[in-house]
Amino acid sequence: PPSLPHSTSDTPFTPTPSFPFLFPSSSPISPRHLQQSQLFTFLHPFPTAVAAMKSTSPTAAVGTALVKTPYIVKFAAVALLSLSVALLFYHHPSFPSAAFSAFTSLSSPTAVAAKNSTSTALNSTSTAVNTSSTILKVKKLPPPPPSVARRTGIVDENGAMTEDFEIGEFDPSLMEELRNLRGGGEETEKKENEPKIVKYDKFKACDGSKIDHIPCLDKSERHCPDSALDCVVPMPNGYQKSLPWPRSRDEVWLHNVPDTRLVQDQGGQYSMLVKDAKISFQDGGSDQYVNLISQMVPDIDFGHHTRVALDISPGIGSFAASLFRHNVTTLLIGTKDVHKNQIQFALERGLPAMVVGFGTRRLPYASQAFDLIRSSGSGIDWTVDNGVLLLEVNRLLRAGRYFVWGGPQVDSNHELSLDDQWNEMEGLAASICWQLVKKEGNIAIWRKPLNSSCYLGREIGAQPPLCNSDEDPDNVWYVNVTACITLLPEVRNGGNVSVWPARLHSPPDRLQSIKMDAMISRKELMKAESRYWNEIIDSYVRAFHWKEQNFRNVLDMRAGFGGFAAAVNDLELTSWVMNVVPVNGFNTLPVIYDRGLLGVMHDWCEPFDTYPRSYDLIHAAGLFSDERKRCNFSTILLEMDRMLRHGGTVYIRDSLAVIGEIHEVASAMGWVVMVHDTGEGPHASWRFLVCEKRMP
């Protein structure tokens with residue numbers, strides 16, 4: 001404010017309307033505006049006020065005398081000052097400290113005297129000032145309460161896992177806040193660690209010898225070549241898009257199975273007929289065979305107690321095709337050298353099947369995986385090498401469930417061998433505590449014990465011996481088979497499963513025994529995964545018209561607890577799913593089988609044990625992020641191309657860090673690639689690729 005005029009008279013004054021305001025509202029106030037000279041000047045009278053006093057009439061003399069008293073003048077000055085200070089405090093909260101500093105720095109006698117004489121007045125008005133300040137402050141409205149954000153993820157506010165969750169949206173402001181708190185170095189770090197996308201030239205087609213190529217199983221044992229496949233497996237001449245299920249169960253295109261030796265050599269035995277470039281399959285008595293087994297042992301109870309079956313030496317899959325009518329999923333396995341291309345026929349029919357090396361190593365399936373195991377008896381000598389192959393079957397068979405030996409697909413030559421082997425087979429089965437439940441004609445059915453009491457009650461030195469207590473029966477990748485009996489656990493036994501379909505969503509006992517990070521929250525994790533994939537698959541069905549696509553053979557390359565396959569079943573799609581558990585992750589195979597689903601362990605840095613053109617749909621969620629430090633993306637994608645049928649589809653959900661290179665390799669293989677945002681929106685760190693291997 002401007003400097004105030006000084007008076008040359010000691011006469012008190014009366015304020016007039018023309019009295020200038022101490023802190024004009026047009027001038028912004030700050031502590032630096034408060035000068036000692038201004039405060040000192042404010043305590044002295046003004047000349048204009050004195051002139052006004054002298055011009056008053058005698059009638060007002062008494063009143064004027066009272067007004068002229070020093071106390072009244074000082075009181076008026078202090079009151080005006082108090083009001084000004086109150087307004088200043090309200091508009092400028094930082095003012096008090098500066099004002100206090102200015103007051104305490106006054107050193108003139110007049111100022112000190114004025115300060116002492118007005119202290120009482122200041123005290124008397126402090127209450128009024130505080131009240132005024134309080135009233136002014138109340139007028140400030142509080143900020144509105146923050147909106148309550150919806151919970152996201154699968155961890156509740158108490159830190160416990162829950163299946164009641166929502167797939168939330170990404171808020172970029174949160175990442176910006178995090179970058180500010182951490183110093184903002186993430187962008188630089190991201191750019192430094194961001195992988196360089198390698199450009200790929202178009203892959204050439206393999207030569208004609210690779211049309212039915214299975215890289216690691218050209219013989220009965222699994223032996224992978226030193227160099228990975230670097231070309232695209234060609235389509236056979238005359239190949240056509242596979243027939244949809246259930247039509248494919250009864251007939252397939254002749255040229256889709258290039259090796260027709262099975263048709264030529266054994267077509268009559270397997271009731272296969274060739275007509276109009278198609279191969280048709282007759283029942284061959286399989287339905288009656290299934291009904292006979294149900295009558296022999298009613299406890300087998302197909303479709304309820306028996307949900308997952310294994311068929312060894314399966315022929316062309318007629319037994320498995322019949323079991324599908326009873327709501328039983330049956331996996332067919334056979335070796336390439338002994339069983340020719342039976343597995344390829346089964347896959348073309350839309351039946352679950354794998355080529356295996358059934359010899360010196362464990363099969364890549366969980367212990368106590370199958371509710372029923374069946375072998376026709378042809379091609380396998382179960383008693384050789386101290387019964388090591390039957391002991392591997394014993395590891396795979398669920399406690400309390402059944403092994404069926406023999407059937408209508410055995411020809412006359414093999415019937416003689418069955419009779420010759422019977423005594424040895426019966427003795428071996430008894431030595432591993434299997435109970436012969438029923439034998440009728442050339443069919444025998446044994447039951448595995450529910451616990452290890454029979455094993456532990458055998459005589460000392462009995463053969464075969466018990467396996468070492470520290471041996472893990474679920475360690476299956478490149479593990480040699482041993483001629484020993486696997487003990488059954490006292491708790492968390494695979495025999496304690498619910499009936500189908502309740503077992504699909506009932507967390508099994510063995511969920512608590514698998515080796516993984518989570519402990520208490522495992523049940524919630526499994527349920528949450530199922531709910532997550534139910535929402536995702538439902539969106540696939542609606543957005544991509546799955547029911548019109550007629551996907552039958554489906555491969556999930558990173559299955560977890562099998563939530564993807566469970567969702568496919570819940571939505572009543574006409575698909576079966578092979579759940580693959582990668583070797584570098586948690587071994588969830590026991591849980592997958594306890595839920596009534598199929599699964600296998602595999603290392604995706606190596607080729608898969610199946611024929612080319614096996615699957616209609618291949619699904620991979622998070623696989624490439626997990627495998628990026630172990631193997632080349634081109635190795636995995638070329639193997640996916642080998643397994644995928646022409647006209648098939650690939651769904652890949654993965655992080656932005658790898659999605660670019662996947663796109664490059666897929667395009668170089670000739671796939672048509674479309675990039676989509678995930679359900680989390682365009683700012684999410686994942687993308688969704690839809691790749692089509694179109695017919696030429």
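1. Let me start with helix 22, residues 633–643, which is mostly covered, with 11 of its 11 residues buried. Keep in mind that this is a predicted model.

2. Helix 11 (residues 286–296) has a buried set made up of Ser286, Tyr289, Val290, Ile293 and Met296. These residues fall on the same side of helix 11, because the arc they cover around the axis is only 125 degrees. Gln288 and Gln295 are exposed on the other side of helix 11. As for neighbours, the buried residues of helix 11 pack against helix 12 (318–324), and also against strand 7, strand 8 (397–405), strand 9 (435–440) and strand 10 (443–447).

3. Now for strand 5 (residues 329–334), another mostly covered element: six of its six residues are buried. Which residues lie on each face of strand 5? Thr329, Leu331 and Ile333 are on one side, Thr330, Leu332 and Gly334 on the other, and both faces are covered.

4. Strand 5 has parallel partners to look at. With strand 4 (residues 308–312) the pairing is parallel over five bridges, and Ala309 has Thr330 of strand 5 as its bridge partner. The chain gets from strand 4 to strand 5 by way of helix 12, in a right-handed β-α-β crossover. Strand 6 also pairs with strand 5 in the parallel sense, here over three bridges. In that pairing, Leu332 is opposite Ala353 of strand 6.

5. On to the aromatics, where the count is 28 aromatic pairs. Take Phe358 and Trp382: their ring centres are 6.0 Å apart and the planes make 65 degrees, so this pair is edge-to-face. Phe358 is in the loop between strand 6 (353–355) and strand 7 (370–375), while Trp382 is in the loop between strand 7 and helix 14 (384–396), so the pair ties together parts 24 residues apart in sequence. Both Phe358 and Trp382 are buried.

6. Compare that with Tyr540 and Trp546, whose ring centres are 5.8 Å apart with planes at 35 degrees, so the pair is tilted. Tyr540 and Trp546 are buried as well.

7. The Phe358 and Trp382 rings also belong to one aromatic cluster, which includes Phe403, Trp405, Trp422, Trp434 and Trp446.

8. Arg249 has its charged end over the ring of Trp245, 5.4 Å from the centre. Arg552 lies over the face of Phe324, and here the distance to the ring centre is 4.8 Å.

9. Last, the overall numbers. The protein chain has 23 helices and 17 strands, and 48% of its 696 residues count as buried. For contacts between residues at least 6 apart in sequence, 71% join residues at least 24 apart.

Note on methods:
Residues numbered from 1 in each chain as written. Predicted model: local features only at pLDDT ≥ 70, side-chain atom pairs only at ≥ 80, totals over all residues. Heavy atoms only, no water. Phe/Tyr/Trp six-rings, centres within 6.5 Å; stacked < 30°, edge-to-face > 60°. Helix = DSSP H or I, 4+ residues; strand = E, 2+ residues; numbered from the N terminus. Buried < 20%, exposed > 50% of the residue type's maximum accessible area, 1.4 Å probe, protein only. Lys NZ or Arg CZ within 6 Å of the ring centre and 35° of its normal. Arc of directions from axis to C-beta. Contact = heavy atoms within 4.5 Å. Pairing = 2+ DSSP bridges. Right-handed = clockwise from strand over helix to strand, strands pointing away.
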